[in-house]
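Subject: Structure handover

Hello,

Here is the structure for your files. My notes on what was found in it follow below.

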Amino acid sequence: MSNIEFPAMTNIKGKTVILTGASRGIGEFIARELGRKQATVICVSRSQEGLQKICAEIDDLGGKGIGIAFDISKVERMPELIYEIKQLTGSFHVDILINNASIEIYRAFLNYSLQDIQLVLSVNLLAAIELTRLVLPQMLKQGSGHIVNITSLAGKKGHLNDSVYSASKAG
């Protein structure tokens, strides 16, 4: 998993990438690969400590890591994330958006609360839709851009005790 390729963009040196869920799991691997390719990676995650670590790794690999601690489950606050990106970068030029953040609450469907369902759907589906909606106008204005949505095979075939996650990934 250490060799993630971006075939549509073979040269991403100097490109600006927003990566959600950057401090753990697949997000870490993507962030490192973007660092190796010398991209500017705007890392979004809830974990300030995780962001500091991954941004330092991106910098060490030749890229530029910019960390923003933000809880994307608060979808209604997404414009604040865009504002913070503008403040930290001095503009709002995004070449690639990678909607990677995801959560999974593994339990029988009958044991989910409404709050659990809303959380999973907000992070895994609504946040990606809203962030894309907010970033897309600038990409269209620039005349270019790429949007990558990380999904799961669970979206194609549900799994026992993982129905809400599967539904969110199918979305």
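Glu-33 is buried, as its relative accessibility is 5%; buried means under 20% relative accessible area, exposed over 50%, and partly exposed in between (1.4 Å probe, protein chains only). This is a predicted model, in which local features need pLDDT of at least 70 and side-chain atom pairs count only at pLDDT 80 or more, while totals for chains, interfaces and linings use all residues. Residues are numbered from 1 along each chain as its sequence is written, and side-chain values use heavy atoms, with hydrogens and water left out.

Salt bridges

The structure has 9 salt bridges, a salt bridge being a side-chain nitrogen of Lys or Arg within 4 Å of a carboxyl oxygen of Asp or Glu.

One of them joins Glu-33 to Arg-36, with 3.4 Å between the closest N and O atoms. Both residues belong to helix 1 and sit 3 residues apart, about one turn of the helix. Helices (H or I, at least four residues) and strands (E, at least two) are DSSP runs, numbered from the N terminus. Arg-36 is partly exposed at 42% relative accessible area, whereas Glu-33 is buried.

Another salt bridge connects the side chains of Glu-57 and Arg-32, at 2.5 Å from N to O. This pair links distant parts of the chain: Arg-32 is in helix 1 (residues 25-36) and Glu-57 in helix 2 (residues 48-60), 25 residues apart. Arg-32 has 18% relative accessibility and therefore counts as buried.

In helix 4 (residues 114-142), Glu-130 and Arg-133 are 3 residues apart, so about one helical turn separates them. Their salt bridge has its closest N and O atoms 2.7 Å apart. Glu-130 is buried, at 15% relative accessible area, and Arg-133 is exposed, at 51% relative accessibility. Elsewhere, salt bridges with shared partners connect Glu-28, Arg-32, Lys-53 and Glu-57 in one network.

Nonpolar patch

Which residues form a nonpolar patch on the surface? They are Leu-136, Leu-140 and Ile-147, with about 260 Å² of accessible area together. Patches are made of residues with over 30% relative accessible area and no salt bridge; like charges are joined within 9 Å, and nonpolar side chains (Val, Leu, Ile, Met, Phe, Trp, Tyr) within 5 Å. Accessible areas come from the Shrake-Rupley method with a 1.4 Å probe, and for residues only the protein chains shown count as cover. Leu-136 lies in helix 4 and is partly exposed, with 34% relative accessible area.

Regards
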